[in-house]
Amino acid sequence: MRCIFALLVLQTLVCLRAYGQTPAGDPAGEQLQKFTQIYRYLNRFYVDEVEPGPLIEGAIEGMLGKLDPHSAYIDAEDMQQVDASVEGEFSGVGIEFGILRDTAIVVGILDGSPAQRAGVLPGDRIIRIDTLDAIGIARDAVPGHLRGKRGSRVGIDIVRRGHSAPLHFDIERDMIPLRTVDAAYLTENGIGYIKVNRFGRTTSTDFRQAYKKLGAPERLILDLRGNSGGLLQQAIELAGFFLPRGARIVSTEGRAVKDMMYEAPANGPARHCKLAVLIDEKSASASEIVAGAIQDWDRGVVLGRTSFGKGLVQRQVRLSDGSAIRITTARYRTPSGRIIQRPYENGNRREYYLDHLRDHPQATDSLQTAPAYRTLHSGRTVYGDGGIRPDIVIAADTAGYTPYYTTLLRNGIVNDYAIDRMERERGVMETSYPTEELFIRDYPVGDSMLYELAEAGARQGIDFDESGFVRAAPRMRTDLKALLARYLFGAEAYYRVVNTSADRTYGQALAILDDWENLGRPILEP
């Protein structure tokens, strides 16, 4: 058995044999003895041969499943992805791909990546990876074949428009950085926008570089929507960027660990900028630490929807086979004392996550039972009982998301159509719209494109719904333009299209920052 848990069981067996039995009054020892007895009976009498790995892993998952919703077991394969996300890099070739008609097609290439140096181009179709026939390959299988040890080589065969025969590339893998900042740009009136997608080891550095690139704007939108969190230290550093030296950012308390308090170590470079923080129901953990600290110190206006409510400190323990367990050791509190974690019942994960999906009212009457706290600068009221409640609540914009359009999205039709159109018209688009600004300003998504999208859905068995199609048309135009912008110019172009076309929360943040004295300051200093 490779798992540490299994080793502990074996060690327990040795102890039991040495002493003859479990000491009286030792519940943990009695339960471990019970576990080993069951395993031995299964191993001896079960109708088929017993594989210890799946049994032990199942036992671990079952044990952790009886605890809070976030204590978890992560197998060795999944841990590789976790490591890449946290470390901010992985070893590969630097290709962004999509699956179109059962073939992986290159839709983007990272600047300076091995694939770019080798001469791979957007629009190339990958038909072979080393000795593997890549026609019909599953989307999830592609990264596993392209990634590998730094310095190792991978051969790919591609089909390129204008070439009669496949082209072969022999590429040496290298470290590929994972962006933690998706977008950083200035609006026409000088308001900065920075989108942070997670808190990995490079987030603080990535953010500082983005802020510097924008010229240290005096008005800033920090977008943490959809950011599920990450490393505590990175959250502390990002929050500290906006706070004075010594300002408390977060504290932790637990049964078996020492209570801790974390403060801004120095005066933050942006401690005087006018700030709007965007959050939603997918903002969790480190995102909530940052938003909570900004709100509690009255440093910025928080807009959007109540965050997820994941405020548990976890210790990750790596096991001998590359897997790991995450054990909850403490709870987070914001500077004003609010507990970030929303209520849960041990062992009832299904209800916990279902409850998160429900549309909870955020009106005043829903706050009557929530504990009230005072912010640390102006003393205004904020509420606890799970998650960070925005200063300005903006309901999710469901306009255009008709059942018909949602079905197209859920089945990947919209993204696949965008990839298909990009493959057919990339050259024309690049010639007609050589800059991101020109594309965003002038590229039209006409009715013909929308009907082509509907036809693509019909080919996949999705019946045309004229009413749903008409009501979804404005949303479809925005989404298609944003996807095409992304495949031409990168993620930042995607957010510029979506933000300016269909994002009410972003629009409200712009309005507040544009008239801070009348719209922003009264919220923070009532």
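How are H2 and H3 oriented to each other, roughly parallel or roughly antiparallel? The two helices are roughly antiparallel, where angles over 145 degrees count as roughly antiparallel, under 35 as roughly parallel, 65 to 115 as roughly perpendicular and the rest as oblique.

This is a predicted model, in which local features need pLDDT of at least 70 and side-chain atom pairs count only at pLDDT 80 or more, while totals for chains, interfaces and linings use all residues. Residues are numbered from 1 along each chain as its sequence is written, and side-chain values use heavy atoms, with hydrogens and water left out.

**Helix pairs**

Helices (H or I, at least four residues) and strands (E, at least two) are DSSP runs, numbered from the N terminus. Axes are lines fitted to C-alpha atoms, for helices over the stretch in contact, and angles run from 0 to 180 degrees between N-to-C directions.

| Helix pair | Axis distance | Angle |
|---|---|---|
| H2 (residues 27-45) and H3 (residues 52-64) | within 12 Å | roughly 150° |
| H8 and H9 | 9 Å | about 25° |
| H12 (residues 413-432) and H15 (residues 466-489) | within 9 Å | roughly 55° |

H2 passes H3 in a right-handed crossing; a crossing is right-handed if the near helix is turned clockwise from the far one by less than a right angle, and left-handed if anticlockwise. Phe-35, Tyr-39 and Leu-42 of H2 make the contact with Pro-52, Leu-55, Ile-56 and Ala-59 of H3, contact meaning heavy atoms within 4.5 Å. By class, these residues are seven nonpolar, no polar and no charged. Here Ala, Val, Leu, Ile, Met, Phe, Trp, Tyr, Cys and Pro count as nonpolar, Asp, Glu, Lys and Arg as charged, and the others, Gly among them, as polar.

H12 and H15 are oblique to each other, and their crossing is right-handed. On the H12 side the contact residues are Val-414, Asn-415, Tyr-417, Ala-418, Ile-419, Met-422, Arg-426, Met-429 and Glu-430, and on the H15 side Leu-480, Leu-483, Leu-484, Tyr-487 and Leu-488. This contact has 11 nonpolar, one polar and two charged residues.

Helix H8 (residues 232-240) is largely enclosed by the rest of the structure, because seven of its nine residues are buried. Buried means under 20% relative accessible area, exposed over 50%, and partly exposed in between (1.4 Å probe, protein chains only). The buried residues of H8 are Leu-232, Gln-234, Ala-235, Ile-236, Leu-238, Ala-239 and Gly-240. They pack against helix H7 (203-213), strands E12 (219-223), E13 (248-253), E14 (260-263) and E18 (324-333), and H9.

With their axes 9 Å apart and at an angle of about 25°, H8 and H9 are roughly parallel. Their crossing is right-handed. In H8, Leu-232, Ala-235, Leu-238 and Ala-239 meet Ala-286, Ile-289, Val-290, Ala-293 and Ile-294 of H9, a contact of nine nonpolar, no polar and no charged residues.

A nonpolar core is a set of buried Ala, Val, Leu, Ile, Met, Phe, Trp, Tyr and Cys residues joined through side-chain atoms within 4.5 Å. The largest one has 41 residues, and those with the most contacts inside it are Ile-194, Phe-207, Leu-222, Phe-242, Ile-249, Val-277 and Val-290. Helix H9 (residues 286-296) supplies the largest share of this core, six residues. A second, separate core of 38 residues includes Leu-100, Val-107, Val-414 and Phe-469.

Leaving aside neighbours within four places in sequence, Val-277 is in contact with Leu-222, Leu-224, Ala-291, Ile-294, Val-301, Val-302 and Leu-303. Ser-287 lies in H9 and is buried, at 1% relative accessibility. Not counting residues up to four places away, Ser-287 touches Phe-199, Leu-224, Asn-227 and Gly-229.

**Single residues**

Ser-285 sits in the loop between strand E15 (274-279) and H9. Its phi is near 55°, a positive value in a residue other than glycine, and Ser-285 is buried at a relative accessible area of 8%. Asp-130, in the loop between strands E5 (125-129) and E6 (132-133), also has a positive phi near 55°. Asp-130 is partly exposed, at 42% relative accessibility.

Gln-80 belongs to helix H4 (residues 76-87) and is exposed, at 60% relative accessibility. Gln-80 and Gly-322 are 242 residues apart in sequence, with 8.5 Å from C-alpha to C-alpha.
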